Amino acid sequence: MATLPYAKDELSLNIKILNCRNLLIGDTVSSDPYVRVLIGKKELHKTKHVLRTLNPVFGAKEENEFETQFFWGDLTKKAGLMLEVKDWDLVGADDFLGFVKISPSNLLRMALTQEPTTVSLETPPKMKAKNGAGSITISARHTSQTGVKSKYWTPPRASVAARRSTRVNPDDVVSSSDEGSTSSDMSAPDYSKELLIEIVSCKNLIA
């Protein structure tokens, strides 16, 4: 059974904003929606807007995919990721169309299943909606690869790596089948092989 990460565990997630459905009208008859992703007050990513639709589909052109990294403890302190849907306006402030907070446990579940998840948007305080504010569909997955990064992405602290290349005598590595062998049974030492050992990082050490 999967367990929750430790507070100091660093998570690397690839997140995709896929679509929205039945959004509120921000302009006269439609909206030009885009999505912001935040942790607390820090903006992690923002898609480009889609013109004149209440059912936007976000793709690569709208920069819907990004990779972000954060500590699990920071995510739980902020109670998860906030998704905000706004209506882009050429003049004046952008209208607030809806929002939803993805809890840390739900975000982890999404990353484990890697299945698209649709959640309902909450209606902004200054907006009125008899039938709700619509929905948004996103997906998430764990990744250790360098993917599509948002321009707001901050690289994690680099691990300190120590490298040492040493020559290994294969005759010094004795398997269980060689235990009965004598030195006369062994071939001449061969120091031509190299073993590269890399110390990458340590985590959650005892203080």
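Modeller: What follows goes from the cavity to a helix and then to a sheet. Please keep in mind throughout that this is a predicted model.

The count comes to one cavity of 30 Å³ or more, and the space in the largest cavity is about 30 Å³. Its lining is made up of Ile 15, Val 37, Leu 81, Leu 83, Leu 107 and Ile 138; sorted by class, these are six nonpolar residues, with no polar and no charged ones.

Leu 107, one of the lining residues, also belongs to the buried residues of helix α2, which spans residues 104–113 and buries Pro 104, Leu 107, Leu 108, Met 110 and Ala 111. Seen down the axis of α2, these buried residues fall within an arc of 160°, and therefore they line one face of the helix. In general, an α-helix has 3.6 residues a turn, so residues three or four places apart point the same way. Just after α2, Gln 114 takes a positive phi of about 60°.

Turning to the strands, β1 covers residues 10–21 and β8 covers residues 135–142, and the two run antiparallel, joined by eight bridges; within this pairing, Lys 16 stands opposite Ser 139 in β8. Both strands belong to an open sheet of four, ordered β4-β1-β8-β7, with antiparallel pairing. Because β4 (65–71) and β7 (117–120) stand at the edges with a single partner strand each, one side of each is left without a neighbour in the sheet. From one strand to the next, the twist averages 35°.

How values were computed
Residues numbered from 1 in each chain as written. Predicted model: local features only at pLDDT ≥ 70, side-chain atom pairs only at ≥ 80, totals over all residues. Heavy atoms only, no water. Buried < 20%, exposed > 50% of the residue type's maximum accessible area, 1.4 Å probe, protein only. Arc of directions from axis to C-beta. 1 Å grid on protein atoms, 1.4 Å probe; cavity = no way out; pocket = protein on both sides within 12 Å on 5 of 7 lines; lining within 4 Å. Points joined across faces, edges and corners; volume = space filled by probe spheres on them. Nonpolar A, V, L, I, M, F, W, Y, C, P; charged D, E, K, R; others polar. Pairing = 2+ DSSP bridges. Axes fitted to C-alpha atoms, helices over the stretch in contact; angles between N-to-C directions.
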